[in-house]
Amino acid sequence: MIDNRKNMSCEEFQEQMAGLIGTGADASAHPHVQNCDLCRALLSDLETIAAAARELFPVEDPSDRVWQQIQTAIQEEEGKPSAK
Amino acid sequence: MTPSRSSVPTPEATPSQVERPSQPAVQDVPAPAAAAPLSPDADVLARAQAGDHYAFAQLYSLHKRRIYSLCLRMVGNVAEAEDLTQEAFLQLHRKIATFRGDSAFSTWLHRLAINVVLMHLRKKGLSLISLDEAMEPTPEEGPGRSFGAPDLSLAGSIDRLALERAISDLPAGYRLIFVLHDIEGYEHNEIAAMLDCSIGNSKSQLHKARLKLRDAMRTFPRREGRR
């Protein structure tokens with residue numbers, strides 16, 4: 001089984017990559033990665049991107065206009081006569 | 001009785017800073033000493049569910065940044081993101097009494113906002129089922145050429161602002177999956193259910209999105225240098 005994984009093509013390995021990154025699995029231990037510089041570099045980059053994305057946090061507030069419009073819409077909705 | 005809703009306060013202050021009306025808008029919220037311990041958010045939520053406009057404004061203040069950032073990352077456009085934030089909070093206002101605490105309120109609101117964005121994208125004609133076909137890149141720009149070249153690797157470091165920009169530049173379908181999985185932390189089975197696509201499709205889209213981001217991040221310093 002290990003030999004089969006070692007003999008994977010880059011394309012075959014990369015098809016599995018999305019399911020390996022970010023799951024806690026040690027994809028770097030995959031036999032193909034250990035024997036392929038290109039896939040090792042790719043895996044490292046994609047893991048770096050995924051890790052950086054997890055650390056992104058909300059950084060922006062909406063403009064004050066948004067609350068003003070929410071307020072107006074709520075008042076309009078409540079000013080409407082009941083459907084019943 | 002539902003209190004008067006004729007005046008909605010501004011949401012700028014934190015919960016502890018919001019000045020209450022002299023006559024409390026909600027009469028049936030138990031006094032803190034007699035009630036089970038509630039987090040500040042839970043107390044605000046309970047009052048908002050009872051129709052307290054000040055509490056709803058506080059909820060907006062507490063959650064607006066996260067919801068707006070979610071919308072902005074999902075659609076990549078400030079005006080659209082603001083419209084969607086507005087719609088999400090309007091829906092929250094309509095539905096807040098139906099929240100029963102089966103999940104955390106922030107999770108519930110988050111999911112509500114995602115549904116608002118997905119509805120919007122569907123109305124715009126983005127097929128969430130056939131994302132692969134809709135977003136298939138052209139051969140010359142596709143991720144297929146992204147086989148790792150060690151001399152161009154990211155060397156384990158990423159500029160956060162560059163990543164934010166690269167995410168906003170992703171095609172809509174890629175961006176959607178990437179934001180939901182890698183930023184918001186949803187699993188592929190959850191994403192598949194939300195988008196009505198297969199788990200394999202979700203994984204495939206995510207992989208392609210990451211490849212696109214990798215390409216963008218590797219060229220970022222050169223792009224910046226030209227500006």
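Reader: Which residues have the most contacts inside the largest nonpolar core?

Author: This is a predicted model. Its largest nonpolar core has 68 residues, and those with the most contacts inside it are C71(B), A113(B), V117(B), I177(B) and F178(B).

Reader: OK, and which element gives the most to this core?

Author: That's α2(B), with 13 residues. As for domains, the core takes at least three residues from each of domain 1 (15-123) and domain 2 (157-226) of chain B.

Reader: How do α2(B) and α4(B) pack, then?

Author: Their axes are 10 Å apart, at an angle of about 35°, with α4 covering residues 105-123 of chain B. The crossing is right-handed.

Reader: Which residues make that contact?

Author: From α2(B) you get H63(B), I67(B), L70(B), C71(B), M74(B) and V75(B). On the α4(B) side there's S106(B), L109(B), H110(B), A113(B) and V117(B). By type, that contact has 8 nonpolar residues, 3 polar and no charged.

Reader: Switching topic: how many residues of chain B are in contact with chain A?

Author: 38 residues of chain B, touching 35 of chain A.

Reader: And which elements of chain B give two or more residues to that side?

Author: α2 (53-75), α3 (78-95), α6 (160-169), α7 (172-183) and α9 (199-226) of chain B. α9(B) gives the most, with 8 residues.

Reader: How do the residues on that side divide into nonpolar, polar and charged?

Author: On the side of chain B that touches chain A, 17 are nonpolar, 10 polar and 11 charged.

Notes
Residues numbered from 1 in each chain as written. Chains lettered and ligands numbered in written order. Predicted model: local features only at pLDDT ≥ 70, side-chain atom pairs only at ≥ 80, totals over all residues. Contact = placed C-beta atoms within 7 Å. Helix = DSSP H or I, 4+ residues; strand = E, 2+ residues; numbered from the N terminus. Nonpolar A, V, L, I, M, F, W, Y, C, P; charged D, E, K, R; others polar. Core = buried A, V, L, I, M, F, W, Y, C linked by C-beta atoms within 7 Å. Buried ≥ 20, exposed ≤ 12 C-beta atoms within 10 Å, placed from the backbone. Domains from an automatic or database assignment. Axes fitted to C-alpha atoms, helices over the stretch in contact; angles between N-to-C directions. Left-handed = near helix turned anticlockwise from the far one by under 90°.
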